[in-house]
Amino acid sequence: MSILKIITYPNKILNKKTQKIKKFNKKLIKYIKNMFDTMNYYNGIGLASNQVNINKSLIVINLNKNKLILINPKIIKKKKIIETRESCLSIPNKIYTKKRYNLIKIITNNIQGKKFKLQFKGLISICIQHEIDHLKGKLINNIKN
């Protein structure tokens with residue numbers, strides 16, 4: 001078990017867009033395991049790789065005991081804006097009101113590199129949008145360093 005350091009605001013790493021993953025290998029599997037360990041240790045439900053200083057397009061989610069690994073995720077469809085209340089491991093002890101889409105469809109890779117599409121609704125949709133924003137260098141507080 002490896003617990004990684006969470007990068008916190010105002011560190012500029014959080015404002016940088018991550019690199020696409022091109023190599024699907026043992027190193028990627030290690031990143032994924034360490035990210036799950038870290039997210040669970042800090043009681044998060046989602047974690048983007050740049051939050052732990054890994055410059056890769058990688059997200060892990062553990063919501064209601066459903067584990068999800070998203071590699072190079074991209075939103076391809078979105079519907080119905082709703083207002084949410086969100087927090088972030090990189091901006092501890094703050095809650096923000098955000099507008100997000102209740103329904104999204106994404107394209108992503110699995111750990112072997114195969115592309116596929118998934119659709120999500122509700123809290124998991126909101127979590128994925130939050131983490132994809134991280135991969136784009138966007139923070140929940142909308143402040144640029």
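**Helix H2.** I looked up H2 in this predicted model and found that it covers residues 123–135, 13 residues in total. I took helices as DSSP runs of H or I with at least four residues and strands as E runs with at least two, numbered from the N terminus. From its first C-alpha to its last, H2 reaches 19 Å, close to the 18 Å expected at 1.5 Å a residue. The expected span is 1.5 Å times one less than the number of residues.

I then checked burial (buried is under 20% relative accessible area, exposed over 50%, partly exposed in between, with a 1.4 Å probe and protein chains only). H2 is mostly covered, with 12 of its 13 residues buried. Among them I noted Cys127, Gln129, His130, Glu131, Asp133 and His134. I asked which strands cover the buried residues of H2. The cover includes S1 (46–48), S2 (58–63), S3 (66–88), S4 (91–109) and S5 (115–121), where contact means heavy atoms within 4.5 Å. Just after H2, I recorded a positive phi of about 85° at glycine 137.

**Conventions.** Residues are numbered from 1 along each chain as its sequence is written, and side-chain values use heavy atoms, leaving out hydrogens and water. For this predicted model, local features need pLDDT of at least 70 and side-chain atom pairs count only at pLDDT 80 or more, whereas totals for chains, interfaces and linings use all residues.

**Helix H1.** I compared the span of H1 (residues 26–41) with expectation: its 16 residues should span 22 Å at 1.5 Å a residue, and the end C-alpha atoms are 23 Å apart, which agrees. The buried residues of H1 are Leu28, Ile32, Asn34, Met35, Phe36, Thr38 and Met39. They pack against S1, S2 and S3.

At the N-terminal end, H1 is capped by asparagine 25, with a side-chain oxygen 3.2 Å from the backbone nitrogen of lysine 27. After H1 comes asparagine 43, which has a positive phi near 60°.

S3 and S4 pair in the antiparallel sense over 13 bridges, and a hairpin of two residues joins them. Threonine 84 stands opposite lysine 98 in S4.

S4 and S5 are also antiparallel, paired over seven bridges. Lysine 105 has glutamine 119 in S5 as its bridge partner. The hairpin of S4 and S5 has five residues between the strands, and there I noted glycine 113 with a positive phi near 100°.

How values were computed. A polar contact is a pair of N or O atoms within 3.5 Å; within protein, one must be able to donate a hydrogen and the other to accept it, and residues adjacent in sequence count only if both atoms are side-chain atoms. Two strands pair if DSSP finds at least two bridges between them.
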